[in-house]
Amino acid sequence: MTAAVFFGCAFIAFGPALALYVFTIATDPLRIIFLIVGAFFWLISLLVSSLVWFVARTVTGNRDGPIEKYLLIFGVLISVLIQEIFRFAYYKLLKKANEGLKTINPDEPGPSMRLLAYVSGLGFGIMSGVFSFVNILSDSLGPGTVGIHGDSPYFFLYSAFMTLVIILLHVFWGIVFFDGCEKKNWHPLLAVILTHLLVSALTFLNPQYEISLVLAYMIMPLMGTWAFFVAGGSRRSLKRYLLCQDKDFLLYSQRSR
Amino acid sequence: MLTFMASDSEDDACNERTSLMSAESPVPRSCPDGRQGPEDAEDAAQRGSRDPGEDQEEDPDRYVCSGVPGRLPGLEEELTLKYGAKHVIMLFVPVTLCMVVVVATIKSVRFYTEKSGQLIYTPFTEDTPSVGQRLLNSVLNTLIMLSVIVVMTIFLVVLYKYRCYKFIHGWLIMSSLMLLFLFTYIYLGEVLKTYNVAMDYPTLLLVVWNFGAVGMVCVHWKGPLVLQQAYLIMVSALMALVFIKYLPEWSAWVILGAISVYDLMAVLCPKGPLRMLVETAQERNEPIFPALIYSSAMVWTVGMAKLDPSSQGALQLPYDPEMEEDSCDSLGEPSYPEVLAPPLPGSPGEELEEEEERGVKLGLGDFIFYSVLVGKAAATGSGDWNTTLACFVAILIGLCLTLLLLAVFKKALPALPISIAFGLIFYFSTDNLVRPFMDTLASHQLHI
């Protein structure tokens, strides 16, 4: 519960997202706007799901006990579904916006759908991560002992790693989801929804952190490779990139110097 | 608290600042076709006007914005969109900075969340036991505050109509003096108290004097654009902190809502005071006082040699001589900067062409009220960061939408209504719906 914990957990959770933002989004104003709109859509989805949970809780009379836990589980599952619905809504909005931009600006190519998929995924992920972790972070600055009542002392670390994996998963889900929508293929959509439900459902097993965290971290590279191949990558392009033989990329990076 | 609330002008001046406009290029000179683009793109003037006095600033800008002749509509639209995203970000950054400063201060310095008195503009107390009485008091407070603002606006319109420029100028200087010296002194004192750092009076005098003097020079006269922008952001943040401290809870929310409605009416209704100011300025063919307007304009002059096309002329440093902004009132200097272009040395027959790219302008009042909303969310959100972040995102989205509307309608638009509406909706819904949900999730360590 010191500055070390605060900074350590903050950088674990938000370091990769910050790096992604600085290197890929911050350079182009249009991408920043799409990122913030994506974050806004996630926020609205959270609002709607909170409303649903609140209504459900009021209807069942605000009783304590096991029904509270069931209502929470219901709330989590509904929230995941609503998030994916809003991801779809954002896809529709971007499609319309892209068409609008194309008719007005025919010669200048706007951002491609793949790029928007990545940006929207990152927007969703950042907002989701921030909302779930910032309060915990601010508590970690203050005095206290973690797990003094018998809970796990690794609460902060677990939350930080979980936040990180969810942010990355949102990025991959966004790419896969938009690609599925573009190709009118419903299987990727179903896969995204199911993996999202799975990752959230795994957290029901907390405080057994091992299961939820390890499984989430196993799902993440799978989704990552799927997103990589969906976005146009291939083993050859990866090899070329790693061995610095990718002429296009080298030329591009040289040009920007 | 009566002492620094005595100066109406300062308070009023600081109250209004809701103008959002894209910078205008001045009367276009003869340039090749391609050059016309950026100027056209900036044509849309958008302005939220609020409160007395500030109108002046807005009017000149609005006037300037709508008065440019000879635009090619297609080119203009394309360039509007091309420049659109960049301008949105040029406004996002200062708005974000102002909000960050306000939220950081609220969360760390206890002084600004302590209740110690109220402004004379909000005389009714909210310490009543019944909810109905409290609501009534806050509505009455709002009515008084709003009527003060309307009266001051009309007063400024009258002053402007009768060409009392010196009076307005003096008023603005007085208000910015107070902001830059007195409020900074108080702020510095509270920050030092919070962190338990000692500072002796000679050092304090030196620091405050330098800060204030440079601020006055930058804002009212000439100075580097970045420094000017930084001072305007700091001044807006200071003013927002004053409002957060001295406005009682419910009154603050009702005032925010009422100001947005007033902004909408004053800018869009035909008989609105701000609209009248614009028309007056247009009749007189005068440049409008920028006054309390944050400008992200970059002005440069490019000289091109006719005989020697390869030499692309001297690119002068971005310089914004006339974009002075008063922290409180709109005392205008001509809204577009005079071109400072010494003749290029070199071959005779060189043709000096000026191209100015204007940025976007946003009234300081907008900054202040956005920061008040986010600051209040941070102050009263029971230590909850989610509410603050939700309001922040909502305000940015509102600003984005307003700029989009500006690009579509190409006329003065108020900057407050959409952002404040989103901000209020998200504040109340996040505080009452999302917070319990997220807290319950966090206590069971569930992740959505």
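Across the interface of chain A and chain B the rule finds 0 salt bridges, a salt bridge being a side-chain nitrogen of Lys or Arg within 4 Å of a carboxyl oxygen of Asp or Glu. This is a predicted model, in which local features need pLDDT of at least 70 and side-chain atom pairs count only at pLDDT 80 or more, while totals for chains, interfaces and linings use all residues; side-chain values use heavy atoms, with hydrogens and water left out. Residues are numbered from 1 along each chain as its sequence is written, and chains are lettered from A, with ligands numbered from 1, in the order in which they are written. The predictor gives the complex an ipTM of 0.92 and a pTM of 0.80.

**Interface**

- In the model, 46 residues of chain A are in contact with 37 residues of chain B, where contact means heavy atoms within 4.5 Å.
- About 3700 Å² is buried between chain A and chain B, and carbon and sulfur atoms give 76% of that area; buried area here is the accessible area (1.4 Å probe) that two parts lose on being put together, summed over both.

**Confidence in chain B**

- Chain B has a mean pLDDT of 73, with 66% of its residues reaching 70 or more; pLDDT is the predictor's confidence in each residue, from 0 to 100.
- The pLDDT is below 50 over residues 22-71 of chain B, a stretch that has 246 contacts in the model beyond near neighbours in sequence.
- Over residues 300-356 of chain B the pLDDT likewise stays under 50, and the model has 196 contacts for them beyond four places in sequence.
- Where pLDDT is low, the predicted coordinates should not be read in detail.

**Make-up of chain B**

- Chain B contains 14 helices and 5 strands, which are DSSP runs numbered from the N terminus (helices H or I, at least four residues; strands E, at least two).
- Of the 448 residues in chain B, 57% are buried; buried means under 20% relative accessible area, exposed over 50%, and partly exposed in between (1.4 Å probe, protein chains only).
- Among contacts in chain B with a separation of 6 or more, 81% come from residues 24 or more positions apart.

**Salt bridges within the chains**

- Over all chains the structure holds 7 salt bridges, including one in which the side chains of A:Asp28 and A:Arg31 meet at 3.5 Å, N to O; A:Asp28 is partly exposed at 27% relative accessibility, and A:Arg31 is partly exposed at 24%.
- A:Lys183 pairs with A:Asp179 in a salt bridge whose closest N and O atoms are 2.8 Å apart; A:Lys183 counts as exposed because its relative accessibility is 55%, whereas A:Asp179 is buried at 15%.
- In chain B, the side chains of B:Arg134 and B:Glu126 form a salt bridge (3.2 Å, N to O), with B:Arg134 partly exposed at 23% and B:Glu126 buried at 7%.

**Two sites in chain A**

- A:Thr163 lies in helix α5 (residues 155-182) of chain A and is buried, because its relative accessible area is 1%; not counting residues up to four places away in sequence, A:Thr163 touches A:Ala13, A:Phe14, A:Gly129, A:Ser132 and A:Phe133.
- A:Ile211, in helix α7 (residues 209-230) of chain A, is partly exposed with a relative accessible area of 37%.
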